[in-house]
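This report describes selected parts of one protein chain. Look at the sequence and the model before reading on.

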Amino acid sequence: MREPWDHLYRVNEGMTYEQNPYVYENTFITAGVEEAPLPVYEDVKGKLPQPVWEGHQDSIDCYYKAWEIAFSNLRKANPEAGFVSNFIDTAFNGFLFMWDTSFILMFGKYGSRIFNFQKTLDNMYSHQHHDGYICREICETENGEHFFRHDPSSTGPNVMAWSEWVYYQNTGDKERVSRVFPVLLAYYQWLKANRTWPDGSYWSTGWGCGMDNVPRLQPGYHEMFSHGHMIWVDACIHQVISGKILCKMAEILGRESDIEDIKKEIPWLTDLINNKLWDPETSFYYDMWKDGTLNGVKSVGSYWALLADIVPEERLAPFVAHLNDEKSFKRPHRVPSLAADHPEYSPEGSYWKGSVWAPTTYMVLKGLEEIKNYDLAYEIARNHHDNVVKVFKNTGTLWENYSPENGTQGNWSQPNFVGWSGLPAISVLFEHVMGIMPDGQNNKITWHVNLTEHHGIKNYPLGTEAVLDLDCEERASEDEKPVITVKSNVKATVEVIWRHGSFIIEAGE
């Protein structure tokens, strides 16, 4: 076992810190190194959830290819790099990414009984600095980080709390909540102390917010590495999302006194976003330049507002309407990272100048789910999934990003990217195409039946113990009531919702 704080002193020798007391509760820093062997895909394939979708073998093949690539990217914890847990590699450059990892775990939860993908984040937490800072990229081969902490692009976006909350909702693991809470709170406080302007609004950079080259800054500022003296709408919203989750964690743990400042900041920051960053003429949220004008750049990052649940009721319809506007985000492959009416929009993608990315499209889907717009979520999910499967059929693999226009991978895109591109092949297929939403804490599934073909999932893991077989028979049309069969090893509830009503199935009794 390493000496407490030893790696921090080695990596950051000579640096000064304002000590954050919550970091002293970080048990990941002094944790022992996991020594469990890694699972082999061919040995465990039969233990994974098994989707069934009649007439859509390409989707099934794409699903299993995603898992095959994912398992090939599992890595042993490397103590020389300060890693404490086995993990899934980001599949990019030999560094573990904060942003990518948080999204990879959104599909990793379906394989967590075979390999605990969530523990990948342990390796980010084990590198937390004394003041709460966590670098956005951690080297996997030696003890090092890709950025100094006060580099404008050194960290972010703040989405780790969301990933942990999804995991908790599926498992009810309060012990993990108690371990990650002080880590995430210290990180939140670091961002508040080091990533805000005098008015309390947040800033980032193209790299720091994860959307590298979106053309959102004023001329004269570097679009990837400069903060541009700008209020960054997504950075502000990320802090609201994280703050709300920290409040929920504090309630579970009986630590409400630790988040008094956050409880005050959330409504204040929500008002700032709605009062300063909303344009009533175009019904959209924008970044604000240093001269106080909105930049008018419609990026997918503004849709974090749906997930944060901060959009006033009267604004929802016109804001969401941009997702159905062919001049903005309703392109042949949805949802492009940059609206099509921007002069720098690229039909080939050109990274974040139009490419469709698995994490941001998934975020849009979860945001639509938050506001209960399930029909649009299905429409976008089906489009996204079908396009990814089409490219898989043509190339044999999944890609880092996709062209919004051409039915191909993006022109700046890496292959075998699982990586977060496992999302459309696994999570989007389960949750939004098939419409199967898990509530593991309550052993409940809500099934929005969208498809008419015979479909379902065998060996579906729910919570910590339940294993279900879910089957929906073929229907003549969406107007026909679905015939559902559910088998479970323990008591579980399935609420089936279809076009003309709903019904409850109690299984495993």
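## A serine in a loop

Is S350 buried or exposed? The model is predicted. S350 has a relative accessible area of 12%, and the limit for a buried residue is under 20%, so S350 counts as buried.

S350 sits in the loop that runs between α11 (313-321) and α12 (358-370). Leaving aside residues up to four places away in sequence, S350 touches N213, S355, N411 and W412. S413 is 63 residues from S350 in sequence, yet the two are 8.7 Å apart in space, C-alpha to C-alpha.

## The nonpolar core

In soluble globular proteins, nonpolar side chains tend to be buried together. Here the largest nonpolar core holds 164 residues. W67, Y125, W304, L323, Y460 and L468 touch the most other members of this core.

With residues up to four places away in sequence not counted, the contacts of L323 include Y303, F329, V335, V364 and L368. K330 and R334 are also among them.

## A helix and its end

Helix α13 covers residues 374-395, 22 residues in total. From its first C-alpha to its last, α13 reaches 31 Å, close to the 32 Å expected at 1.5 Å a residue. Just after α13 comes G396, with a positive phi of about 85 degrees.

Strands β9 (residues 444-448) and β13 (residues 492-498) pair in the parallel sense over five bridges. H448 stands opposite I497 in β13.

How values were computed:
Residues are numbered from 1 along each chain as its sequence is written. This is a predicted model: local features need pLDDT of at least 70, side-chain atom pairs count only at pLDDT 80 or more; totals for chains, interfaces and linings use all residues. Side-chain values use heavy atoms; hydrogens and water are left out. A nonpolar core is a set of buried Ala, Val, Leu, Ile, Met, Phe, Trp, Tyr and Cys residues joined through side-chain atoms within 4.5 Å. Buried means under 20% relative accessible area, exposed over 50%, partly exposed in between (1.4 Å probe, protein chains only). Contact means heavy atoms within 4.5 Å. Helices (H or I, at least four residues) and strands (E, at least two) are DSSP runs, numbered from the N terminus. The expected span of a helix is 1.5 Å times one less than its number of residues. Two strands pair if DSSP finds at least two bridges between them.
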